Amino acid sequence: LAGGFDGQVEFTRLAVSTVSGDLYALDALVGRVIRFEATRNGYVLDRNFSCGPSQVGAIIVSPLVDIVPLPRNNLYNADVMGIDATGTLLYCQAGETGSTSYASRLVADHGWGKITAMTLYNGQLYVLDPINNIIWRYDTLYDNFVDPPHQLDINLQNLISAVDLDVYEDDLFVISSNGQTSKCTFRSSYSWEMLCEEPAAYMITDTDGNRNPYDIIEGTTFTQVQTTYPLEPSLYILDQASNSVYRFSVAMQMQYKMSPNQASEALLSGKTVSAFAITPAQKLVLAFSNQLYIAD
């Protein structure tokens, strides 16, 4: 974007619609969502889109802490959904002349500690509450999550330090601030009990072709995770320490690391990556505080 954004914006989450290709960025300084419409000539800022802290009907929406893109035919026909730290969901729908918002509240049996992340997979919402050492699962998006939630039956020591999570089929991946990734798998489709590996070792092949397990990768600071499943299932993890993205298989086999080249590093000069997203068109979008970059 010509001119970029000023210092009053800080992007900490990115989400890309699998339906439209539109890009949504969470501005943590306000707790609002900014929309970039996908066009043939790249992304265009939607200045009429409003999605953030407000009063929607009788519901007070606080600053949002995470966002997810929504599939078509959801209850509100919304494009993106945000969540605040106390379990309020905000659904936002883009329009030609503006946007429309709807809000609802999630119920937690023990009350909320502090929500830090969520992910949506096959209409099921997973909510991370590290303060209470809980991950909740809500079914289903198309009923607006009205059914009582399920507390996942997991026993992770590092859940209090968890910073992000994502899901692929029966596998739940949780990354922690200590650099470890935990992998939990449902024992069956009829049970909430999960079998967890803590940590799940990163499998790295050395120059001699030997596969070696590592609980952590030295020198990294992993902060966000995203699973993708077109072409082949993959697990992408953002490394803030090197402004890079690691790609693993869902079996935790490292495939490669994507880093800025020398010319890009000179352009970034001291900036630290704050969010990322892989688009359906296999583009990598990176946020560096108030700046956005894209690469193949």
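Some housekeeping before the pairs. Since the model is predicted, local features need pLDDT of at least 70 and side-chain atom pairs count only at pLDDT 80 or more, while totals for chains, interfaces and linings use all residues. Residues are numbered from 1 along each chain as its sequence is written, and side-chain values use heavy atoms, with hydrogens and water left out.

So, searching the whole structure turns up 10 salt bridges, meaning a side-chain nitrogen of Lys or Arg within 4 Å of a carboxyl oxygen of Asp or Glu.

Let's start with Asp164 and Arg13, whose closest N and O atoms sit 3.1 Å apart. This pair links distant parts of the chain: Asp164 is in strand β15 (residues 162-168) and Arg13 in strand β1 (residues 11-16), 151 residues apart. Strands here are DSSP runs of E, at least two residues, numbered from the N terminus. Asp164 and Arg13 are both buried, which is to say under 20% relative accessible area with a 1.4 Å probe, protein chains only. There's also a network of salt bridges here, linking Arg13, Asp66 and Asp164.

Next up, Arg35 and Asp22, with 2.8 Å between the closest N and O atoms. Arg35 is in strand β3 (residues 32-39) and Asp22 in the loop between β1 and β2 (23-27), so this bridge ties together parts 13 residues apart in sequence. Again, both Arg35 and Asp22 are buried.

And what about Glu193 and Arg187? They form a salt bridge too, at 3.2 Å between the closest N and O atoms. Glu193 is partly exposed at 32% relative accessible area, and Arg187 is exposed at 51%; the cut-offs are over 50% for exposed, and partly exposed between that and buried.

Conventions. Helix = DSSP H or I, 4+ residues; strand = E, 2+ residues; numbered from the N terminus.
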